[in-house]
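Hi everyone, thanks for coming. I'd like to walk you through one model this morning, so please have a look at it first.

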Amino acid sequence: IREDLMRPLPKQVEAMDAMYESKYILYGGAAGPGKSYWLRWAALEWAAYLASMGFRGVRLGMFSEDYPTLKDRQISRMKREFPAWLGEVKETRDEGLAFFLRPQYGSNFIALRNLDDPSKYASSEFAWIGVEELTKNPRQTFDDLRFRLRWPGLNHTPFCAATNPGSTGHGWVKKLWIDQDFSGDDEALKNDRFAIIRALPADNPQLGALAGIGRAPSG
């Protein structure tokens, strides 16, 4: 999937690889290097990876602050980018809206959810969680989601996030990923692995190539 379909940039490769070594991965920094693009392809790679390990019907979660953002940044682009032979975005009675891999590829699926009320996922389980624009969320949202990271038979369930600097959650995100400060109530997290991949506009050569004739796609 990665080389044949995604064709990632070097920083995106670094962020992809971090999923296998770290629990909490943040791809953050300047706009332009394709952080949202990485996030959805990371979800697809993890779904395929689990299928290769013999796990079927596994739920992954892709979260955005609200449905319009989810639709614009992820749903519409999954429909364009992910090949139809691999799976499709559809809504089912049991799982709601999700990208479902076809049975021959494991039937794992990426549930597409918004964060208007994260507590509503209290009874859910996810084998992977991705969050669009993490710093737009309060710390409680992170805690609500990370407690949902579990799946029978799996010891490693990554949390992946993409974000620009600033906004509501800048302080707590900086504390955990940049400062690696696990003092106070965060002492329980000190043995978890927090990885940060810093994004720069120069990471995406398309931005420079198209300068002056329009903005390059960066989602």
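Let's start with a pair of side chains: glutamate 45 and tyrosine 20 are joined by a polar contact of 2.8 Å. By polar contact I mean a pair of N or O atoms within 3.5 Å, where within protein one must be able to donate a hydrogen and the other to accept it, and residues adjacent in sequence count only if both atoms are side-chain atoms.

A word on the source: this is a predicted model, where local features need pLDDT of at least 70 and side-chain atom pairs count only at pLDDT 80 or more, while totals for chains, interfaces and linings use all residues. Residues are numbered from 1 along each chain as its sequence is written, and side-chain values use heavy atoms, with hydrogens and water left out.

Back to glutamate 45, which sits in helix H3; helices (H or I, at least four residues) and strands (E, at least two) are DSSP runs, numbered from the N terminus. The side chain of glutamate 45 also makes a polar contact with the side chain of arginine 2, at 2.7 Å. Is glutamate 45 buried or exposed? Glutamate 45 counts as buried because its relative accessibility is 9%, and buried means under 20% relative accessible area (1.4 Å probe, protein chains only).

Now the inside. In soluble globular proteins, nonpolar side chains tend to be buried together. A nonpolar core here is a set of buried Ala, Val, Leu, Ile, Met, Phe, Trp, Tyr and Cys residues joined through side-chain atoms within 4.5 Å. The largest one has 40 residues, and Trp38, Met62, Ile110, Leu112 and Trp128 touch the most other members. Helix H3, residues 35–52, gives the largest share of this core, 10 residues. Apart from it there is another core of 22 residues, including Leu26 and Phe142.

Please find leucine 60 too, in strand E2, residues 59–64. Leucine 60 has 0% relative accessibility, so it counts as buried. Beyond four places in sequence, its contacts (heavy atoms within 4.5 Å) include Ala43, Trp46, Ile110 and Trp128. Leucine 60 and proline 158 are 98 residues apart in sequence, yet 10.0 Å apart in space, C-alpha to C-alpha.

Last stop, the second largest pocket. Which residues lie nearest its centre? They are Gly28, Gly29, Pro165, Ile178 and Ile196, out of 13 lining residues. H6 supplies the largest share of that lining, 4 residues. A pocket, on a 1 Å grid over the protein atoms alone, is an open set of points where a 1.4 Å probe fits, with protein on both sides within 12 Å along at least five of seven lines; lining residues have an atom within 4 Å of a point.

Note on methods: Buried means under 20% relative accessible area, exposed over 50%, partly exposed in between (1.4 Å probe, protein chains only).
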